[in-house]
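Thanks, everyone. I have one model to go through today, and I will keep it short.

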Amino acid sequence: SALDRVKKFKKRSYLLFIGGNDPRRRIEDTVHAFNQLRGRGVELSMVFAGFDFQSLDTIVGYKTKIAIEQSSYRDDIHLLGYINDSEKKYLYENALCFVFPTISEGFGLPVLEAMQEGCPVISYDYPLSSIKEVAGSSAILTQPGMDPVYDAVLSLVSDKKLYEELVEDGFKNCKRFSWKKCASETIEH
């Protein structure tokens, strides 16, 4: 089936990033946080999806490429490249969280997409970014850096109540953006 290549990722067993490797996005922070988590015995894998993440060769950003290439846990970092809508839905629904490490974002549609599928979001609280307005208090917003990302993921791993609250708050938050579906459909056509 169309979902075969994502079905191997089990519920709450991976961190997820979907999108492009834009310089505003500090993907390497996520990779370093992932390395720290694994180094401390947290059994997770890392999934990257989006056109830029077909293979190491298609990753344009040097810092991201090196971070992934040199990870001691490289075998558990999965580069899926382009994903279809059903794969995207599955990945959001089953991820431990969607990590969106951006310091500047126009609107932040991926944050709402994740929340809409019940996926907790970790992103940066940064003055140049719209993420705070979009996510409200429904995401964990940290300062940029691998340590804050590490701490945020660890809190989701160890605190089931926090995890469930973020899922609930995310659903509520999406209701504030009833036009989102209309906007994303317009973009697609």
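Predicted model: local features only at pLDDT ≥ 70, side-chain atom pairs only at ≥ 80, totals over all residues.

Start with α7. This helix has 13 residues, and its first and last C-alpha atoms are 18 Å apart, close to the 18 Å expected at 1.5 Å a residue. Which of its residues are buried? They are V149, Y150, A152, V153 and L156. Around the axis they cover an arc of only 165 degrees, so they sit on the same side of α7. As a reminder, an α-helix has 3.6 residues a turn, so residues three or four places apart point the same way. The packing partners of the buried residues of α7 are β1, α2, β4 (97–100), β5 (121–124), β6 and α8.

Next is α8, residues 160–175. Here we have 16 residues and a reach of 24 Å from first C-alpha to last, close to the 22 Å expected at 1.5 Å a residue. At its N-terminal end α8 is capped by D159, with a side-chain oxygen 3.1 Å from the backbone nitrogen of K161.

The buried set in α8 is Y163, L166, V167, G170, N173 and C174. Looking down the axis of α8, these buried residues fall within an arc of 130 degrees and therefore line one face of the helix. They pack against α5 (109–116), α6 (131–135), β6 (140–142) and α7 (146–158). On the face turned away from that buried side are the exposed residues K161, K172 and K175.

How do the axes of α7 and α8 cross, and at what angle? They come within 5 Å and cross at roughly 105 degrees. Angles of 65 to 115 degrees count as roughly perpendicular, so α7 and α8 are roughly perpendicular to each other. The contact is made by S155, L156 and S158 from α7, and by K160, L162, Y163 and L166 from α8. Of these, L156 is on the buried list for α7, while Y163 and L166 are on the one for α8.

Last, the arginine, R25. It is in the loop between β1 (14–18) and α2 (27–39). Is R25 buried or exposed? Its relative accessibility is 11%, and the cut-off for buried is under 20%, so R25 counts as buried. The R25 side chain reaches the backbone oxygen of G20 at 3.1 Å. Leaving aside residues up to four places away in sequence, R25 touches F17, G19, G20, F100, P101, T102 and E105.

That is what I have; questions are welcome.

Definitions and conventions:
Residues numbered from 1 in each chain as written. Heavy atoms only, no water. Helix = DSSP H or I, 4+ residues; strand = E, 2+ residues; numbered from the N terminus. Buried < 20%, exposed > 50% of the residue type's maximum accessible area, 1.4 Å probe, protein only. Polar contact = N/O pair within 3.5 Å; in protein donor to acceptor, adjacent residues only side chain to side chain. Contact = heavy atoms within 4.5 Å. Expected span 1.5 Å × (residues − 1). Arc of directions from axis to C-beta. Axes fitted to C-alpha atoms, helices over the stretch in contact; angles between N-to-C directions. Parallel < 35°, antiparallel > 145°, perpendicular 65-115°, else oblique.
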